[in-house]
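Biologist: Could we go through this model together? I would like to start with the strands and then move to other parts.

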Amino acid sequence: MVRKEILIFEHEKGLHARVAALIVRESIQLQNKYKDKLFIGRNENDLLPATSLISVISSNIKYGDKMVIVSKGDNADKSLHEFAKFLKGKFDLEDKQTRDEIDQVLQETTLTMDKVFNNIANGVIVVDQEGVITSFNPAAEKITGLSANRVIGEDINSVIANSKLKEIIKSGQAELGKRQEINDATIVTNRNPIFSNGRIIGAIAVFQDISTLERLSGELKEVRALKERLHLILESVQDGICVVDKKGGIEYLNPTYAKMLNIDIETVVGRKLEEINQDKTYQQVLETGESITGVVTEKDNDLVIIFNVYPIQVDGEIEGAVLVAKKKIEIEKLADRLKELSAKAEYLEQELKREKELDSSFERIIGRSGVLKDSLVRASKAAETTSTVLIRGESGTGKELVAEAIHYASNRKNKPFIRVNCAAIPSNLIESELFGHEKGAFTGAINRKIGKFELADGGTIFLDEIGELSVELQVKLLRVLQEREFERVGGIERISVNIRVITATNRNLEEMIEENNFREDLYYRLNVIPIILPPLRERKDDIPLLVNHFLDKLSERLNKKVDTISQDALEILTNYSWPGNVRELQNIVERGINFTDSQEISIDDLPDYIRNNYQNQRSLINLTADGEIASIEEYEREIIKRALEKYKSFNATGKVLGVTHKTVAAKARKYGLVKE
Ligand SMILES: Nc1ncnc2c1ncn2[C@@H]1O[C@H](COP(=O)(O)OP(=O)(O)OP(=O)(O)O)[C@@H](O)[C@H]1O
């Protein structure tokens, strides 16, 4: 229940301290009696508790002023009625009991005010109308760093120059919320004049230290700026960045990340990361608090992304995770591809090695002519030893093939077979090619290089075209063969190797020794097991076999079914002199397969020079391959030589040529066709 009454206050001194104390005493008694709450004020919107002396005095009601009183509570009617009656009555201030009670209220209020004054966190400074400090509370002492004892009684301007309290006394105008610096502290102050009976009797400053607040707001500003900077960085970096909360909910996603995953930032923030990321590594990080780096994921569009995931920990608690995603750049892809290919190459090499083993090495060498067979038997015997082998024969007779066969038939077959073509490497590089070099050994030696001898360690080194090696290097090679040790070019370390040496040449080494172009001592070192491969023209029986072998091999490789050769074409090939030996024959068969329109190679598919040569050979006069006419004696020598080769005895030859056996013998001697 709320009851209100308006009355005119008719006490001649207005609400001065003692009258106010009397009203407070009456209010307390009524409140105790009726358990209601009583209020007093100049109007309804400005009501103050009637039980507080300060409130009642501060309502500043004077004689004849309107006074609003309100009672709230169950007995509001009664309490308000009694309160109004009291206020309208005469106040007997002279009565002793009343005076005691008034003193009691005044004292209690003073004590309470004192407590408030000393304990509030706000600084309070009170000056009298002259500007002399009359009160200075402990909070003011703390904020200003001045002691109350020293400043009370002093002129305010001599203590705090910019307090402005004297101006307030002069103007009578309050100033609220003013910032001011005192003693390194920033304060906000309210300055009010103090009125008594309409007269200014002093001024009060109530102020608060806001330094901490200022600092915090400064820090906040810095944090905001930092946040802005971080935001800018995150938005512009090339790495994709995603922040998730502890439950895996997406809190932030930068544009790079969105682009990588081809998603729209707005639609995913707030959703669970697992909805857009198949990879669940971040969940592990959220569980363990341990970062995980280098997680590779492949997207549908062939894009490979590498993730690093880091936990976000606050006070030891996992609050979320940051995912940093990098696109695998092209070069890394290439490096991977290279690794893949090397692995493949290694695999194929193994396969090839197996193939070669299955091949039982020498089976790849086609031919059953006696001369070839002899050489191959010798070669397969050489395979059982580690002795140095020198393979001789014209170009294209299969020297490398035999060297390889020796290696793969030997117990070194699982170790490297290293081929060096001494004619193909520039003379200034061959030494470093064979022995390697140290970094900086010569201009251009940027890195250490391992030479062929080191690479061949445990296996076989095949030095092809050994006749092309300079005399200087012949000496070095000799040393290696003797000591099985060498140094890299520009190095001092002695490197010892376990190698088997096979060399080959089509040069006449004996002649070269005569001319001092090949060292004799090296020749003997190399020629431990000599193997001579006959030229193809000396084993014509092998030609049909080789043609068939190459038809099989090459038609498969060229993916063209050509499996025969016409009789006349084969005859031409058999009668040709094959200066390029098996290599040349192989090329002619390959050419034939390419040229023919059928499954058979015919004369037309052979090159002109071979066909013409055949026609020349068939003509009785053109006995030279180049078509030049020779002297009669030369023809005679050739005829007798061929006939002897074919018919073996002077008798049989004489019969065929229509002369006596004596004539044949004499001519054979004349032309040096028989040993004396
Ligand atoms: N008897 C053979 N059976 C099968 N193929 C052979 C035979 N002889 C040589 N070849 C083939 O002929 C080609 C030339 O052989 P290889 O390279 O071994 O000859 P080379 O004597 O080392 O030649 P060069 O002296 O020119 O180096 C190779 O493709 C090889 O496979």
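Biologist: Is strand S2 largely enclosed or open?

Modeller: This is a predicted model. In it, strand S2, residues 37-41, is largely enclosed by the rest of the structure, because four of its five residues are buried.

Biologist: Which way does S2 run relative to S4, parallel or antiparallel?

Modeller: S2 and S4 (residues 66-72) run antiparallel, and five bridges join them. Lys37, for instance, has Lys72 in S4 as its bridge partner.

Biologist: And how many bridges join S2 to S3?

Modeller: Three bridges join S2 to S3 (residues 47-49), and this pair is also antiparallel. Ile40 stands opposite Leu48 of S3.

Biologist: How many residues lie between S2 and S3 in the hairpin?

Modeller: Five residues lie between the two strands of that hairpin.

Biologist: Let us change topic to the ligand. Which residues come nearest?

Modeller: The shell around the ligand has 17 residues, of which Ser395, Gly398, Lys399, Glu400 and Val582 come nearest. Helix H15 (399-409) and helix H23 are the elements that give two or more residues to this shell.

Biologist: How do the residues of that shell divide into nonpolar, polar and charged?

Modeller: Five are nonpolar, eight are polar and four are charged.

Biologist: Which domains give at least three residues to the shell?

Modeller: Domain 4 (365-532) and domain 5 (536-629) each supply at least three residues to the shell around the ligand.

Biologist: H23 came up there. What else packs against the buried residues of H21?

Modeller: Besides helix H23 (581-595), the buried residues of H21 pack against helix H14 (370-383), strand S24 (564-565) and helix H22 (567-575). The buried residues in question are Asp542, Ile543, Val547, Phe550 and Leu551.

Biologist: Why would some positions in a helix point the same way?

Modeller: An α-helix has 3.6 residues a turn, so residues three or four places apart point the same way.

Biologist: What span should H21 have, and how far apart are its end C-alpha atoms?

Modeller: Helix H21 has 16 residues, 542-557, and at 1.5 Å a residue it should span 22 Å. Its end C-alpha atoms are 22 Å apart, which agrees with that expectation.

Biologist: Now to Val132. Where is it found?

Modeller: Val132 is in the loop between strand S5 (123-128) and strand S6 (133-136). It is partly exposed, because 14 other C-beta atoms lie within 10 Å.

Biologist: Which residues is Val132 in contact with, leaving aside neighbours within four places in sequence?

Modeller: With those neighbours set aside, Val132 is in contact with Val127, Gly153 and Asp155. Val151, 19 residues from Val132 in sequence, is 9.2 Å away in space, C-alpha to C-alpha.

Biologist: And Leu232, does that count as buried or exposed?

Modeller: Leu232 counts as exposed, because it has 10 C-beta neighbours inside 10 Å. This residue lies in helix H9, residues 211-236. Its C-alpha atom is separated by 10.0 Å from that of Asn254, 22 residues apart along the chain.

Biologist: Finally, how many helices and strands does the chain have?

Modeller: The chain has 27 helices and 25 strands. Of its 676 residues, 26% are buried. Among the contacts with a separation of 6 or more, 59% are between residues 24 or more positions apart.

Conventions. Residues numbered from 1 in each chain as written. Predicted model: local features only at pLDDT ≥ 70, side-chain atom pairs only at ≥ 80, totals over all residues. Expected span 1.5 Å × (residues − 1). Buried ≥ 20, exposed ≤ 12 C-beta atoms within 10 Å, placed from the backbone. Contact = placed C-beta atoms within 7 Å. Near = placed C-beta within 6 Å. Nonpolar A, V, L, I, M, F, W, Y, C, P; charged D, E, K, R; others polar. Domains from an automatic or database assignment. Pairing = 2+ DSSP bridges.
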